[in-house]
Amino acid sequence: RRMTAQRVLLDQAAELIRDVDGPIIDLGLGNGRTFDHLCALFPDRAVFAFDNFIQSALTVLPPAERMVMGDIRETLPFALPRLGARAALIHNDLGSADAVGNAATAAWLAPAIEAVARDAALVVTSFLIPFTKSMALPLPDSVKPGRYHLIRLGN
C-alpha cells in the first residue's frame with residue numbers, strides 16, 4: 001500500500017510540475033525501483049539519487065554523475081552546483097516505522113531540501129517534514145491520509 005501510494009503521488013507530481021523547470025531528486029536510492037520510475041516519468045530531465053551506500057541492481061544504478069554518495073545531511077545542502085539548477089521535485093523515502101526517528105530526520109532534512117529546491121517545488125515524502133513555507137496538497141482518494149504526503153514548497 002505504501003509503494004502504491006508513492007507511485008500514485010509521483011505520477012500526480014509529474015503532471016503538476018510539467019511546466020516547472022529543474023532536476024529531480026530521489027533521496028534514498030535503495031534498490032533503485034523509484035529512481036527507475038522517476039527516470040521513466042522524466043526522460044528529459046536530470047534525475048539525481050542520494051544515498052550513503054548502494055544496494056540497487058546494476059540495471060537501475062544511476063550514472064556516476066547523477067549518484068551522490070555520502071551522508072545526505074552533508075551532501076544534500078551543498079549539492080546545488082552539481083544539480084545545475086534548483087530542483088523541481090524531491091522524493092524522500094528515508095523514513096521508517098519509527099516516528100521519533102522520522103521526526104529527527106525531518107528536523108535536519110527540511111533545511112537541506114530548502115537549500116536545493118526551487119520555489120513551488122513539490123516534495124513527495126513518506127513522513128511529514130517541517131518546511132519553513134509549504135502547503136500540503138490534497139491526496140487522491142486512493143492514498144490513505146498519513147501514508148504518504150504531497151507538499152508544495154514556497155508561498
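Which residue of strand E2 is the bridge partner of Ile25? In this predicted model, the partner of Ile25 is Phe48, and the points below place that pair within the pairing of E2 and then turn to the cover of this strand.

**Pairing of E2**
- Strand E1, made of residues 24-27, and E2, made of residues 47-51, run parallel and are joined by four bridges.
- Between E1 and E2 the chain passes through helix H2, residues 33-41, in a β-α-β crossover that is right-handed.
- E2 is also joined to strand E3, residues 67-69, by three bridges, and these two strands likewise run parallel.

**Cover of E2**
- In a regular strand the side chains alternate between the two faces of the sheet.
- Val47, Ala49 and Asp51 lie on one side of E2, while Phe48 and Phe50 lie on the other, and all of these residues are buried, leaving both faces covered.
- Strand E2 is accordingly described as mostly covered, with five of its five residues buried.

**Nonpolar surface patch**
- Phe53, Ile54, Leu61 and Met69 make a nonpolar surface patch of about 340 Å².
- One of these residues, Leu61, is found in the loop between E2 and E3.
- Leu61 counts as partly exposed because its relative accessible area is 30%, a value that falls between the cut-offs of under 20% for buried and over 50% for exposed.

How values were computed
Residues are numbered from 1 along each chain as its sequence is written. This is a predicted model: local features need pLDDT of at least 70, side-chain atom pairs count only at pLDDT 80 or more; totals for chains, interfaces and linings use all residues. Side-chain values use heavy atoms; hydrogens and water are left out. Buried means under 20% relative accessible area, exposed over 50%, partly exposed in between (1.4 Å probe, protein chains only). Two strands pair if DSSP finds at least two bridges between them. A crossover is right-handed if, with the strands pointing away from the viewer, the path from the first strand over the helix to the second runs clockwise. Patches are made of residues with over 30% relative accessible area and no salt bridge: like charges are joined within 9 Å, nonpolar side chains (Val, Leu, Ile, Met, Phe, Trp, Tyr) within 5 Å. Accessible areas come from the Shrake-Rupley method with a 1.4 Å probe; for residues, only the protein chains shown count as cover. A salt bridge is a side-chain nitrogen of Lys or Arg within 4 Å of a carboxyl oxygen of Asp or Glu.
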